[in-house]
Amino acid sequence: MTKKVRPKLESLIERETFKLKAGSGVLSFEVWGYISEGKTVVTRYNLAYINRLICQKDNGRALGFDNAHDYHHKHYMGKVTPVSFVSYEKTLERFEKEWQEIIKEVKKGKK
């Protein structure tokens with residue numbers, strides 16, 4: 001008899017929003033997935049830096065990474081481009097690095 005494989009039940013793993021200092025915007029993290037053999041498997045994610053003072057397009061999303069619409073992509077100042085995907089962890093690292101670069105530019109007055 002063949003053992004039936006049950007589909008993994010996806011659930012919300014993380015949903016956090018951080019309001020940054022006045023004029024610096026909002027960071028938003030939403031992650032869905034499941035646990036398999038003691039490890040978290042991320043199935044969907046949405047990482048966003050929202051600052052309407054520097055980006056009026058895309059609902060103020062100055063930077064974002066997500067895998068909605070069946071592909072991994074990046075939002076940057078109103079433009080959406082596909083990105084290669086290695087892992088959620090690498091995507092999170094890239095998001096944090098690029099967000100910090102935007103903040104540095106804003107502080108310099110270049111955005």
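Reader: Is Phe 29 buried or exposed?

Author: Burial is read from relative accessible area, taken with a 1.4 Å probe on protein chains only, where under 20% is buried, over 50% exposed and anything in between partly exposed. Phe 29 counts as buried because its relative accessibility is 9%, and Phe 95, at 1%, counts as buried too. This is a predicted model, in which local features need pLDDT of at least 70 and side-chain atom pairs count only at pLDDT 80 or more, while totals for chains, interfaces and linings use all residues. Residues are numbered from 1 along each chain as its sequence is written, and side-chain values use heavy atoms, leaving out hydrogens and water.

Reader: How many aromatic pairs does the structure hold?

Author: Rings of Phe, Tyr and Trp (its six-membered ring) pair if their centres lie within 6.5 Å, and planes under 30 degrees apart are stacked, over 60 edge-to-face, the rest tilted. The structure holds six such pairs, including the edge-to-face pair of Phe 29 and Phe 95, with 5.9 Å centre to centre and 85° between the planes.

Reader: Which elements does that pair link?

Author: Helices (H or I, at least four residues) and strands (E, at least two) are DSSP runs, numbered from the N terminus. Phe 29 lies in strand E2 and Phe 95 in helix H1, 66 residues apart.

Reader: Which residues form one aromatic cluster?

Author: Phe 29 and Phe 95 belong to one cluster together with Phe 18 and Phe 65.

Reader: Where does Arg 44 lie?

Author: A charge sits over a ring if NZ of Lys or CZ of Arg is within 6 Å of the ring centre and within 35 degrees of the ring normal. Arg 44 lies over the face of Trp 32, at 4.3 Å from the ring centre.
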